[in-house]
Amino acid sequence: MKKALSLLFAVLVAFSVSGCSTEKYGAGVDTKITAVKTKDIFLDSNIVGRKVTVEGKISSQCGSNGCWFVLQDDTGQVFINLGPNNMTLPPRLNKTAKVTGIVYPVQGELQVIAEGVEVR
């Protein structure tokens, strides 16, 4: 009985740890950069052309090859472009993501050109 309980406990711990893993894409997130809220990207004109880190849920994603996604936090949403740095992201809808990248205007809309992404 003790062996069975020990084995069950070991399996539960393994599942708990694997559920908390972080997937890294590209260069990963730059920990030296303070995270900003999505609204800051659109309200602070000094942020354009700068490197930022933003965190939120993946609310929509490119279905064909994972070359972009929309990140939503409690202040709004921003388009995350993975293509310029040849990154792709497997389907991760509704997962939490942290992104480091450059804020850049494309066709009059601000987006983040991702350099690194972490998903949990």
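A salt bridge is here a side-chain nitrogen of Lys or Arg within 4 Å of a carboxyl oxygen of Asp or Glu. The model is predicted, so that local features need pLDDT of at least 70 and side-chain atom pairs count only at pLDDT 80 or more, while totals for chains, interfaces and linings use all residues. Residues are numbered from 1 along each chain as its sequence is written, and side-chain values use heavy atoms, with hydrogens and water left out.

**View 1. Salt-bridge network of Glu55, Lys98 and Arg120.** Salt bridges link Glu55, Lys98 and Arg120 in a network. Within it, the side chains of Glu55 and Arg120 meet at 2.3 Å, N to O. This pair links distant parts of the chain, with Glu55 in strand S3 and Arg120 in the segment after S7, 65 residues apart; strands are DSSP runs (E, at least two residues; helices are H or I, at least four), numbered from the N terminus. Glu55 is partly exposed at a relative accessible area of 27%, where buried means under 20%, exposed over 50% and partly exposed in between (1.4 Å probe, protein chains only).

**View 2. Salt bridge between Lys51 and Glu115.** The side chains of Lys51 and Glu115 form a salt bridge with an N to O distance of 3.1 Å. Lys51 belongs to strand S3 and Glu115 to strand S7, so that the pair connects distant parts of the chain, 64 residues apart. Both residues are partly exposed, Lys51 with a relative accessible area of 36% and Glu115 with 27%.

View 3. Strand S6 (residues 96–106) runs antiparallel to strand S3 (residues 51–61), to which 7 bridges join it; two strands pair if DSSP finds at least two bridges between them. Val54 has Val99 as its bridge partner in S6. S6 is also joined by 10 bridges to the antiparallel strand S7 (residues 109–119), where Ala114 is the bridge partner of Gly101. S6 and S7 form a hairpin with 2 residues between them, and Gln107 in the turn has a positive phi of about 50°.

View 4. Asp73 lies in strand S4 (residues 68–73). Asp73 is buried yet has no salt bridge, and Lys37, the nearest side chain of opposite charge, is 4.8 Å away; Lys and Arg count as positive and Asp and Glu as negative, with His and the chain ends not counted. Leaving aside neighbours within four places in sequence, Asp73 is in contact with Lys37, Thr38, Val54, Glu55 and Gly56, contact meaning heavy atoms within 4.5 Å.
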